[in-house]
Structures are given as structure tokens and as C-alpha cells.
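Subject: Structure handover

Hello,

Please find the structure below, followed by notes on what was found in it.

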Amino acid sequence: MHKSDEKLIDKNGLRMDGRKPDELRSTKIKVGILGNADGSAYIEQGKNKILAAIYGPHEAHPKHRALHDRSLLKCRYHMAPFSVDERKSPAPSRREIELSKVIRHALEPSIFLEYYPRTAIELYIEVLQAHGGTRCAGITVASLALADGGIPLRDLTVACAAGKVDGHVVLDLTDNEDKKGQADVPLAIMPNLNAITLLQMDGQLTISEFEEAIELAIKGCKQLYEKQKEALRAKYVTAEGEEE
Amino acid sequence: MSMVTRIKQKQIAQLVNDGKRLDGRELDKYREIKLEIGVIEKAEGSARVLLGNTEVLVGVKVGIGQPFPDTPSEGVLTVNVELVPLASPMFEPGPPNENAVELARIVDRGIREAKTIDLEKLCLQPGKTVLVVFIDVYVLNHDGNLIDASAIAALAALLNTKTSKYEIEEGEVKVKPGYNQLSIRNHPIAVTSAKINGKLIVDPSLEEEEVMDARLTITLEKEGKICAVQKGGPGQFTREQIMEAVKTAETKSSEIRKMVVKD
């Protein structure tokens, strides 16, 4: 990964896409969009376009992986071959294997897995177009797919990255800012439980910059959390009084 | 979780609550670290690390290869981890699973983001020929905290790496007599804390890992900047706990670095 000091913030303090340092990309979320899945959701965050779907709880396959006291959460984060500039092989890369694991661990604390012993819940995240911050947007949308599937949750999980670009701590990095910036800190929280469930970092930050980035990422998460709730209401509240 | 683990969980949690641990350590103490370098003569660099009963061997091999298109004048660094079946009844033969991949990527991130290796010095012909540094982590005995042990072993092996002298003559790579010391500019050290019963302990043993809620690895480079972070495990942290782990990592990493890097 490159880390250079290229100008990414102009003299007015704005970023290449015109955002302020602490501004999220424009985000659209829709809940319940796939017919076959037990729960699904779609997010567009900037140029990121990501689908998430869940199946289950149902019988675990293979059976020996089933857990006697809770449901087994399986998670696959996957990027479509056409989601990036150079075609990506559809076979899971080492990056995707790692991200599937950390995303699973980011979502697990929010789910009442103990309600469904010996079953499995399958979670699929498909990145249709990637433009930086896909693991975070993937978590944000996957949590909604779980909610849409009627899985009991302690809280929604919402994720957002902060980082250091051109010497400034900024929110919600794009692909370009991640590659050319100095650091990236993806983070997920359960906003009502004061719990951080995903935290990674690459690049270089002083300890106080790191603390600042965490704080900013949490702020971003809280804004996205409002959008998550809006998206859930858009599906479930408008249906009230209608046929359903 | 097995019944035995469940019983142990209670005991470990109780102990941690009183500021104690099963093996008698304090919450902020590492197990004894033993380091041996140059243990594999065929490798360009190697090191064996014992962290308590955890044992990791790292071999560095250097070969000729092509640069990535987006970094035509830089050598290539790759980290691979083998969780060898002889190291634990939990390990199985086969391609690296998600645990091996995650471990390799945490070690890789620390070394890469600290700009440990001067990759530009590994370029022989821009866009065409570069040196490729393979760091292969071989876990020999798993007794917890493979991350920190592997990161220490990888750094120690790199510091001990000598490559052949290569030159380009008429567009071809020629090997010259003598050796070059691999140029190492930074010394990243990973420090892992585990959360048990709401408290943080450093350098978790296998028994502690089996009952922990989550772990947090903070890697610091030699100037004290954070260069890699990874939360692992299905639990959660508060912001205060994260900053506590950072503080611990700051102290511990400089202690460990003194041991690994001899001026």
C-alpha cells in the first residue's frame, strides 16, 4: 500500500470530493430487497454499492460444526470481479478471508445466538462496486439484513472508518484517500451499548491521533445509525395499516 | 465451549478479578521470551522465539521476482503462516485457514506499515526485476499469543537476513560473491491484550485465549507511533479499554524491542 504526502485536502480545507474532514459520503440504504433471502439490505455509500443477505437460522452444514449452546454464525465477505478497476478473481483472496472473519466477530456480539442452539445463520456480503471502506459499509448493511430477517439483536451494529489524510484526521475515507493517506482506522460499534466490536488500523498514527480517529469514527457511526433506523422504518413503518 | 473450558473459564475469570492468573503472572506481565537467531543455515535469515511454551520459527527466503505494477521500483514482501499440525491438536494439515491468514496479515501489516524493509533498495531493474522477501512463519508449539511471538520472530529473522549480491549485466541477473545485509529501518513490535471478565491481561496463554471475550493487538514502531491494530474474537471493547491496551502496548513494546534489537 502506498502512503505518500500528495495533496488530498485543498486550501479551503476540503477534500478531493468536496467533503469537509468530518463529513460522511452521501449514503442511501434500503432494507428488504431480495426475494429469496430471509433478510436483505443494500447500501450505497459514495460509490460503494454493497448487498447483504442472510439465510437462517436453519440446520447447520456440515452438522459437526453445529454448536450445542448457540447458533453458528457464518459470514462471507466477497467482492464481485467487476467491483474494482482491475478484474478481481472471484476466488476468495487472503484479504477477503481475513475480512470475513473480522466482520463475523464485529456482528456476533449483537446477535442473541443463544436463542438458536444447533443451528446456523449464514450471512453473505457482496461488494458490487468498491470505493474504499467496504468492510465498514458491509457491516452497516449486514446488520440491517439481520434485522430484516427477524434475528433478535441486542443493538444494530454500525461501522465507519476514520483516518489520516494529508496530515488531517478525516472521516469515511475513499479508496484514493486510503491508498494515498497516512492511516486508516475502520471501526464498528453497537451505538446503544458503548461497545466497539471491530477495530483495525494500518498506516502510522501517534497515540493522540489514534484516539482522535476513534472518536471521529464513532461520530460517523452515530450518524450512519440514524440512516439505518430510517431505512428500517421506511420498510416496516410504511407497511403499517396496509395489507401486511 | 466444552465443559472443561467452562469450568476453567470460571476459575480464570475469578483469578483475573483478583488481579491474578492461572500461571501466577501479574495481569501486565509477559511470559519469558527466549530468542535464538540464525537457526536455519539454508535460510537467508531465521529466528526461533519461545514465548513461555509457545514456539515459533521464522525463516526468511529472498528470491528474484517481478514488482507489482503499481510499485515498479520496489521489492516485494510476503508473509505466510503455517499452523503446522505438529504444533497443536487443534491444527490440521491443508491450505491456510482463516486463523493462519489473519495471523499472517497482522504480522505483514506491522512490518509493512512501519516501513521496516527498505523496499526501494530491493529493486534491480525498475518494472522488471526486484528481490522478493518471503517471511514464512512456522508455528511449532501453540500455547497462546501466536501473534506477538510471530511478530518478534519475524523481526528478529529480518534483522538477521543476508542476501546474495545481485547485479544486472546485459539485462540479466548475475550473482556476485559476498552478501548484503538486508536494510531494516524500523522495528515494529506487536503487543496483544485479551479481555477476560471486563479486565485486560497482556500476552494471553492458550487457556486464557480459550475463555477470553476478545483480544486487541497494537503494533508500535520504534518512534512510538501505532502502525497496526487488530481486534480479534467475538467480543467487544469500550473506548477506555482500547486506550488502556494502547498504554500497555507502549510500555511493553519498548521493553521487548530492547531485547530483540541489539545496537
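In which loop of chain A does A:R118 lie? A:R118 sits in the loop between α1 (94-107) and β5 (119-129) of chain A; helices (H or I, at least four residues) and strands (E, at least two) are DSSP runs, numbered from the N terminus.

On conventions: this is a predicted model, in which local features need pLDDT of at least 70 and side-chain atom pairs count only at pLDDT 80 or more, while totals for chains, interfaces and linings use all residues. Residues are numbered from 1 along each chain as its sequence is written, and chains are lettered from A and ligands numbered from 1 in the order in which they are written.

Backbone points

A:R118 is not a glycine, yet its phi is positive, near 65 degrees. A:R118 is partly exposed, with 15 other C-beta atoms within 10 Å (buried means 20 or more such atoms, exposed 12 or fewer, partly exposed in between, with C-beta atoms placed from the backbone). A:N194, also not a glycine, has a positive phi of about 50 degrees and is found in the loop between β8 (183-190) and β9 (195-205) of chain A.

There is a cis peptide bond from A:G56 to A:P57, with omega near 0 degrees; A:P57 belongs to strand β3 (residues 48-59) of chain A. Another cis peptide bond joins A:H61 and A:P62, with omega about -15 degrees, and A:P62 is in the loop between β3 and β4 (72-79) of chain A.

Contact between the chains

The contact takes 27 residues from chain B and 25 residues from chain A, where two residues are in contact if their C-beta atoms, placed from the backbone, lie within 7 Å. On the side of chain B that touches chain A, β12(B) gives the most, with 7 residues.

The axes of helix α4 (residues 207-236) of chain A and helix α5 (residues 239-260) of chain B come within 12 Å and cross at roughly 160 degrees. Axes are lines fitted to C-alpha atoms, for helices over the stretch in contact, and angles run from 0 to 180 degrees between N-to-C directions. The two helices are therefore roughly antiparallel (angles over 145 degrees). Residues A:I207, A:F210, A:E211 and A:I214 of α4(A) meet B:R239, B:I242, B:M243, B:V246 and B:E250 of α5(B).

Core

The largest nonpolar core has 138 residues, such a core being a set of buried Ala, Val, Leu, Ile, Met, Phe, Trp, Tyr and Cys residues joined through C-beta atoms within 7 Å. Its largest share, 11 residues, comes from helix α3 (residues 146-159) of chain B.

Regards

Notes:
Parallel < 35°, antiparallel > 145°, perpendicular 65-115°, else oblique.
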